[in-house]
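Welcome! Please open your viewer and get ready to select residues as we go.

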Amino acid sequence: MDEIHGTTPADPVITGIGHVAIGPGDAGERPDPVPFLRHKKERKYMGRQDELAVVAAGRAIQAAGLAGEPLGARTGLYLVVGFIPFERADADSLLAGYDEVNPLLTFRCLPNMPAYHISACFGITGPYFVTYPGPAQFHLALDEAIRALAAGRIDRALVGAVVHQQNFLVEHHHRRIAHPVSPNTLMDAGAVIVLTQGPGEGGSIREHKITYRPHDPFDDPPVPSETFRVDGAPFSLPGIAGAASLPLALGLVGRGNLHHTLSSRDGFLAESRFVLP
Amino acid sequence: MKRRVAVTGLGVVSPIGLSVPEFRENLMAGVSGVGPVTLFDADMLPTRIAAEVALHAADLEYRDRKVDFALRAAAEALRDAGIEKGGPGAGLAIALGLELFSLDDLAALSRIGFELPTAARDRMTFLQTPSDLCIPLLARRFHFPEPPMTLISACAAGTDALGTGFSMVRDGRRDLVLAGGADSMINPPGLGGFSKIMATSVRNDPPADASCPFDLRRDGFVLGEGAAMLVLEPFEAARARGATIHAEIKGYATSFDADRISRPHPEGDGALRAMRGALADAGIGPDRIDAVNAHGTSTPLNDKVETLALKRLLGDRAHEVPVSAAKSMFGHLIAAAGAVEAVAAILGLKSGRVHPTINLEEPDPECDLDYVTEGARPHEQEFVLSNSFGFGGQNACVVLRRADGPR
């Protein structure tokens, strides 16, 4: 079990949170990454997942008072990417033959592209940890970031998640898996927190633990469940935000004590408590 | 306190061998695994060659080839380590390719009007996103109950998996890690997508000559497929149980280029930062590196920039340190590349040889290091640097050490 407890002065401090969320049924809305782009020509390479990632990171960096200068080699990026998005029109183009395929599709489908765009837009040249695909992996990314900060390998970490779920492939995926999910509940979201090593002013991580239960994915798929409580009262996201659920909740709550529990469909159990002043 | 980390098990499924002994023999002999694409009809593509694993549908348990590759490599690695199963304290660090789906699946879905398949097993495997299957199958079959880590940093992911597993054993978070990568993108969307952005070689004839890292004629990488798994455990624990220690992992670091999407940083800044970071993590200077296991993709820009970055790293020794690129033989295994190439480097450390870089016949003036072109070169090594530089500027490096230290 990976478990981190305590509130010693050296604990990491949350100095900024940024998020962007497109609720179920709002698939036509698009976040605008242009204000954050360092190379405007790279806009054409971006899919929605990349846009969500850049906007969330940009807002988190602004909230942390770090906007402007490249963040450099002492900043690390710890990012969870959701299931790979794929639109029906792109699927149709593949079936139509090689000549019909848009070359930019390749860039939009590679799972490490959101990390690239964040690094390029904000000048992050330090270490990274890029993982996949669900809410449990955010805990693993958070854990890696906390350890890198504690070891002095970095001065600050961007820890986040991005999901583009309102599309043909991901909706299909959620309809067919065990314990299926209605496409009408899926959100697109990006959410990023900025962590620095304490002491300092900001939010704190009071508890954070994760365990895993090996299982048979065919005969014994875990039943997913996730809860949030804010100052003891139940809290709900507007839809299913997948990997981005916890950082998105932190962004939406903004202030208070957040308690999160997770039993993920890929076999993880996680629990965490945050205090946001 | 940091623990020393031993590699005690190796397993490989590759285009040049379905086991470590077969892989080692062909690696050192400079055998190419590149041939015409047989997994699908590639006639419509500019690139019609690939490095395929010699396993056919009848040999496979799962629709997704990479799942079988991973399971086979894991079984070999654990058998090699003398470990039947993991147990408490054992976890996975796995790099996975996440290509979308096979076009066969998509075509089948189209034929049924994009309705859901009905059989339970097909519901899990049809149009699958692979980590849904690969990670739980590995964890359950080999009893690795700690939270598994999935790395998806594209071409750097295999090295990231190895480095993440190394860090977890060194820090005391895990007592046993199965680390590695598995990938297969030799399907229409995979090979077609890379062809569309002109990343792959179009030197289709003869296929075996196409992957030529550091050669003036290089025009892109050759797509490969496969898997490698490595068993990592604390050095002292491995010694205490009498395990064969193949090598130590001494350092690991990552970096971003934070530059342009379609090219490496022109001065190799990101690559250099990762290499220096890995050496610092290992507690050694560049003067201690005895050989470099290069990323060496056979793309025009990568090989030139990697050469430049190595010159900046090694300084006056740049022309004295043997450099070799295994992709010349088995192509680019994408998410699995770093893991398979780490196995290649470890086999070199153990045998006192550096594997060759085949097909380097017309030297590029901008690639002027001591590439090993004459066949496997006898060369005692204590430390080897192994590089993986991902598309999108994600760079990962590990430092490997011979198990018995200096000679």
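What follows is a short tour of the two chains, stop by stop.

**Before you start**

This is a predicted model, in which local features need pLDDT of at least 70 and side-chain atom pairs count only at pLDDT 80 or more, while totals for chains, interfaces and linings use all residues; side-chain values use heavy atoms, with hydrogens and water left out. Residues are numbered from 1 along each chain as its sequence is written, and chains are lettered from A and ligands numbered from 1 in the order in which they are written.

**Stop 1: where the chains meet**

Color chain A and chain B separately. How much area do chain A and chain B bury between them? About 5,900 Å², with 66% of it on carbon and sulfur atoms; buried area is the accessible area (1.4 Å probe) that two parts lose on being put together, summed over both. Next, in chain A, select Tyr98(A), Tyr128(A) and Arg176(A): these lose the most area to chain B, together 16% of what that side buries. The contact (heavy atoms within 4.5 Å) takes 63 residues from chain A and 69 residues from chain B.

Now show the side chains of Arg173(B) and Glu144(A). They meet in a salt bridge at 2.7 Å, N to O, and the count between chain A and chain B is two salt bridges. The term stands for a side-chain nitrogen of Lys or Arg within 4 Å of a carboxyl oxygen of Asp or Glu.

By class, the side of chain A that touches chain B has 38 nonpolar, 13 polar and twelve charged residues. Here Ala, Val, Leu, Ile, Met, Phe, Trp, Tyr, Cys and Pro count as nonpolar, Asp, Glu, Lys and Arg as charged, and the others, Gly among them, as polar.

**Stop 2: a buried glutamine**

Select Gln137(A), which is found in helix 5 (residues 135-150) of chain A. Helices (H or I, at least four residues) and strands (E, at least two) are DSSP runs, numbered from the N terminus. Is Gln137(A) buried or exposed? With a relative accessible area of 3%, Gln137(A) is buried; buried means under 20%, exposed over 50%, and partly exposed in between (1.4 Å probe, protein chains only).

**Stop 3: the largest core**

Select Phe122(A), Leu158(A) and Phe23(B). They are among the residues with the most contacts inside the largest nonpolar core, which has 175 residues. A nonpolar core is a set of buried Ala, Val, Leu, Ile, Met, Phe, Trp, Tyr and Cys residues joined through side-chain atoms within 4.5 Å.

**Stop 4: backbone details**

Move to Gly198(A) and Pro199(A), joined by a cis peptide bond with omega of about 0°. Pro199(A) sits in the loop between strand 6 (188-197) and strand 7 of chain A.

In chain B, find His143(B), in the loop between helix 5 (131-142) and strand 5 (149-151). Although not a glycine, His143(B) has a positive phi of about 60°, and this residue is partly exposed at 34% relative accessible area.

Finish at Ala154(B), in the loop between strand 5 and helix 6 (157-170) of chain B. Its phi is also positive, near 55°, but Ala154(B) counts as buried at 12% relative accessibility.
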